[in-house]
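Hi everyone, thanks for making time for this. I'd like to walk you through one structure, so please keep it open while I talk.

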Amino acid sequence: LVVAHPRDRADFERFAKLTSGHRRLDTEAMRELEPSLEGRFRDGLFYADEGHVEPRRILPELHARFVAAGGTLKFNSDVSPDAFDGIAIDCRGLAARDTQQTLRGVKGEMIIVESDEIELARPIRLIHPRWPLYVIPRGGNRFMLGATSIESEDNGVSVRSALELLSAAYAVHPAFAEARIVEFGSGLRPAFPDNLPRIAIDNRKIAVNGLYRHGFLLAPALAELALGYVERGVIDNEVMQCV
């Protein structure tokens with residue numbers, strides 16, 4: 001659900017024109033969809049076909065299915081793609097800069113807060129010229145606040161980012177002012193200069209990288225492309241490069 005305050009209507013309308021698959025909701029429809037936001041916004045854009053997952057809950061399930069299918073997982077292992085005789089798919093992110101020197105890290109920060117005064121059934125995106133924000137329900141009265149994208153490879157959460165995220169959350173709902181801060185976190189997203197993903201094929205070595213801000217969302221599509229090449233030799237010229 002995408003919302004904006006009256007002073008940011010121009011950015012809100014521009015976002016509506018640049019996207020598709022949404023339905024515009026009036027005040028009454030907003031109240032029915034997210035009662036906690038009643039009276040906060042006069043309308044919104046509802047993307048009914050969108051979904052969200054919590055990576056911390058999904059990854060263990062993916063690991064279990066991988067093992068059940070006959071795979072082996074080894075964590076905290078220092079290994080190079082050159083150590084394998086067969087096909088090796090390199091998904092090391094920034095650690096692959098030894099072979100992909102143009103990679104850079106783009107920092108993203110998040111805050112997890114807890115409040116029993118707010119109930120949300122889906123992510124809320126606030127359109128704001130300075131403080132774009134996602135509020136994502138995580139269950140157990142917890143919400144993840146995020147959306148920062150900083151050209152820096154520092155791995156800490158800055159005071160400014162924390163203040164902006166918390167201020168933007170308060171602008172979505174004043175009850176966030178009394179929420180309890182559970183966690184601060186940050187991470188580095190691997191990105192190429194054009195911010196587009198890339199699959200580099202070098203004989204039996206395949207490097208998948210550069211997913212930028214969209215790693216968890218783009219990973220299934222890139223996995224299918226990599227599998228198509230391994231099984232059938234199919235090359236997608238949009239993202240694949242033979243080196």
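Predicted model: local features only at pLDDT ≥ 70, side-chain atom pairs only at ≥ 80, totals over all residues.

First, the overall picture. The chain has 5 helices and 12 strands, and its C-alpha trace spans about 60 × 35 × 35 Å along the principal axes. Of the 243 residues, 37% are buried. If you take contacts between residues at least 6 apart in sequence, 67% of them join residues at least 24 apart.

Now to the aromatics. How many aromatic pairs does a search of the whole structure find? The search comes back with 2. In one of them, the ring centres of Phe15 and Tyr47 are 6.4 Å apart and the planes are at 75°, so this pair is edge-to-face. Phe15 belongs to helix 1, residues 9-18, while Tyr47 is in the loop between strand 3 (44-46) and helix 3 (55-68), so the pair ties together parts that are 32 residues apart in sequence. Both Phe15 and Tyr47 are buried.

Then we have Phe143 and Phe176, also an edge-to-face pair, with 5.6 Å from centre to centre and 85° between the planes. Here Phe143 comes from strand 8, residues 142-146, and Phe176 from the loop between helix 4 (159-172) and strand 9 (180-191), which links distant parts of the chain, 33 residues apart. By the cut-off I gave you, Phe143 and Phe176 are both buried.

Phe176 brings us to the largest nonpolar core. That core has 25 residues, and Leu1, Leu133, Val135 and Phe176 are the ones that touch the most other members. Strand 5 (104-114), strand 6, strand 7 (133-139), strand 8 and helix 4 each supply at least two residues to this core. Helix 4 gives the most, with 5 residues.

Take a look at Leu133 on your screens. Setting aside neighbours within four places in sequence, the contacts of Leu133 include Ile124, Arg125 and Leu126, then Leu145, Gly146 and Ala147, and also Leu165, Ala168, Ala169 and Val172.

Which residues of helix 1 are buried? They are Arg9, Phe12, Phe15 and Ala16. These residues cover an arc of only 125° around the axis, which puts them on the same side of helix 1. The general rule is that an α-helix has 3.6 residues a turn, so residues three or four places apart point the same way. Turned away from the buried side, the other face of helix 1 carries the exposed residues Ala10, Arg14, Lys17 and Leu18. And the cover over the buried residues includes strand 1 (2-3), strand 2 (23-25), strand 3 and strand 6 (124-126).

Next, strand 11, residues 205-209. Is this strand mostly covered or mostly exposed? Mostly covered, with 4 of its 5 residues buried. Strand 4, residues 88-90, runs parallel to strand 11 and is joined to it by 3 bridges; among these, Asp90 has Ala207 as its partner. Strand 10, residues 198-202, pairs with strand 11 in the antiparallel sense over 5 bridges, and there Arg198 is partnered with Asn209.

Arg198 has something else to show us: its charged end sits over the ring of Phe192, 3.9 Å from the ring centre.

Strand 10 and strand 11 make a hairpin with 2 residues between them, and Asn203 in the turn has a positive phi of about 60°. Asn203 counts as exposed, because its relative accessible area is 64%, over the 50% cut-off. There is also Asn195, which is not a glycine and yet has a positive phi of about 65°. Asn195 sits in the loop between strand 9 and strand 10; at 25% relative accessible area, Asn195 is partly exposed.

One last stop is helix 5, residues 215-232, where you'll find Ala219. With a relative accessibility of 34%, Ala219 counts as partly exposed. The C-alpha atoms of Ala219 and Val208 are 9.2 Å from each other, and these residues are 11 apart along the chain.

That's my tour, and I'm happy to take questions.

Terms used:
Residues numbered from 1 in each chain as written. Heavy atoms only, no water. Buried < 20%, exposed > 50% of the residue type's maximum accessible area, 1.4 Å probe, protein only. Pairing = 2+ DSSP bridges. Phe/Tyr/Trp six-rings, centres within 6.5 Å; stacked < 30°, edge-to-face > 60°. Lys NZ or Arg CZ within 6 Å of the ring centre and 35° of its normal. Arc of directions from axis to C-beta. Contact = heavy atoms within 4.5 Å. Core = buried A, V, L, I, M, F, W, Y, C linked by side-chain atoms within 4.5 Å.
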